[in-house]
Amino acid sequence: MITNRLMNTRGTLSFYVYAILLGTALLVPLFNLLPPEGSAFHLSDYTVTLLGKYLCFALLALALDLVWGYCGILSLGHCAFFALGGYAMGMYLMRMIGPRGVYGDPILPDFMVFLNWDELPWYWLGFDNFLFAMLMAVLVPGALAFVFGLLAFRSRVTGVYFSIITQALTFALMLAFFRNDMGFGGNNGLTDFKEILGFDIQARSTRAGLFVASVAALAAGYAICRAIVTSKLGKVLLAVRDAESRTRFLGYRPDRYKLFVWTVSACLAGVAGALYVPQVGIINPSEFTPANSIEAVVWVAVGGRGTLAGAILGGVFVNGMKTWFTSSFPDMWLFALGGLFIFVTLLLPKGILGTFLDYYGKRKGTGTDVAAPIAPAAAPPEAPAPEQEGRPRELERAGA
């Protein structure tokens, strides 16, 4: 299988992933900061922000591939965790505005002043601290995933039923965050950010720093996911994915393994959302839209499910296509996305990277779709029959 072959590449693919990420982290800021704006080597601030957004989406796809590709959990609501992490960062950025807001209130954000709130809600306390906000960006999605998974996996909800429930979860959160009395800005969400860690959020150097932070988060997320899937835990996850009932009969508790990887995946998605918000400058309930989570599934399928690196590739590739289509042919993007998904499903069921790995393995004589069976041990030589009393062995061989 592709996953088994990938884990047996002795880190070659991982080396290329880390090398590409390192080169990206070095070259993109350099081409943005050093060459003058008229130079052919200059990368605009818009391009840097766009690439940073792609990296955040790649981290989200990586988190989804961890649960779908290696544990067989198809989530149609993973953007719920992404948006929760984004709201945690947005709350910190709103607290940093202070008296520079439209209404000049040093404590309350503008939308709370507009809605006649008297004091800051208790759940906004502590978000004036960056470390606390980042901690919440990890813990809140992780806590929601833990509670949700604990109930779902113990009840043995699997397959399409689990996917529908995750879709209902993100839709319910979207409706809740649309309400003004939730204290998160309602339909408008959180925006008009001024600074992060004391740096002007619109400054070119800040944008470059956020880009490098996105690269570092993606590299760390890839390292965490790879450490999980290449360990003994990862082998159990594959067993749960391929034959959950047999795994349970062998004495394992599939619900515990699924709960662990589900929670880790939600935390990674929360980090992706936290890095996404300061780069795009806004977070609103539309990020909870179930269509966004379904689109993330397409990213993983296009790149290659169960490869980790393929999820990163799919997240960047599909979103790059989306940027081009929505600017050149805005009415055609949904048709292009649907056509891409049908094409991959029918002709490239293993995704771009999965198909390449399969072809490369066959060229090297090591790649097959099915794991090579273990050769049975040679049977021990049959012990000679004991001689019958009074009858020589020569006569037995002669058939006498």
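This is a predicted model: local features need pLDDT of at least 70, side-chain atom pairs count only at pLDDT 80 or more; totals for chains, interfaces and linings use all residues.

Trainee: Which residues of H13 does H3 meet, and how do the residues of the contact divide by class?

Mentor: From H3, the residues Tyr46, Leu50, Tyr54, Phe57, Ala58, Ala61, Leu62 and Asp65 take part. Their partners in H13 are Ala311, Ile312, Gly315, Val316, Asn319, Gly320 and Thr323. By class, the contact of H3 with H13 has 10 nonpolar, four polar and one charged.

Trainee: How are H2 and H8 oriented to each other?

Mentor: Helix H2 (residues 12-33) packs with helix H8 (residues 204-229), their axes 9 Å apart and at an angle of about 175°. Angles over 145 degrees count as roughly antiparallel. H2 and H8 are therefore roughly antiparallel.

Trainee: Which classes of residue make up the contact of H2 with H8?

Mentor: On the H2 side the contact includes Leu13, Val17 and Leu21, and on the H8 side it includes Phe211, Val212 and Arg226. Divided by class, the residues are 16 nonpolar, four polar and two charged.

Trainee: Turning to the rings, what kind of aromatic pair do Phe31 and Phe41 form?

Mentor: The structure holds 28 aromatic pairs. In the pair of Phe31 and Phe41, the centres are 6.5 Å apart, with 20° between the planes. Because planes under 30 degrees apart count as stacked, this pair is stacked.

Trainee: Is Phe41 buried or exposed?

Mentor: Phe41 lies in the loop between H2 and H3, while Phe31 is in helix H2, 10 residues apart. Phe31 has 33% relative accessibility and counts as partly exposed. Phe41 has a relative accessible area of 60%, and exposed means over 50%. Phe41 is therefore exposed.

Trainee: What kind of pair do Phe177 and Phe288 form?

Mentor: Phe177 is in helix H7 and Phe288 is in the loop between strand S4 and helix H12, 111 residues apart. Both residues, Phe177 and Phe288, are buried. Their ring centres are 4.9 Å apart and their planes are at 35°, so the pair is tilted.

Conventions. Residues are numbered from 1 along each chain as its sequence is written. Side-chain values use heavy atoms; hydrogens and water are left out. Axes are lines fitted to C-alpha atoms, for helices over the stretch in contact, and angles run from 0 to 180 degrees between N-to-C directions. Helices (H or I, at least four residues) and strands (E, at least two) are DSSP runs, numbered from the N terminus. Angles under 35 degrees count as roughly parallel, over 145 as roughly antiparallel, 65 to 115 as roughly perpendicular and the rest as oblique. Contact means heavy atoms within 4.5 Å. Ala, Val, Leu, Ile, Met, Phe, Trp, Tyr, Cys and Pro count as nonpolar, Asp, Glu, Lys and Arg as charged, and the others, Gly among them, as polar. Rings of Phe, Tyr and Trp (its six-membered ring) pair if their centres lie within 6.5 Å; planes under 30 degrees apart count as stacked, over 60 as edge-to-face and the rest as tilted. Buried means under 20% relative accessible area, exposed over 50%, partly exposed in between (1.4 Å probe, protein chains only).
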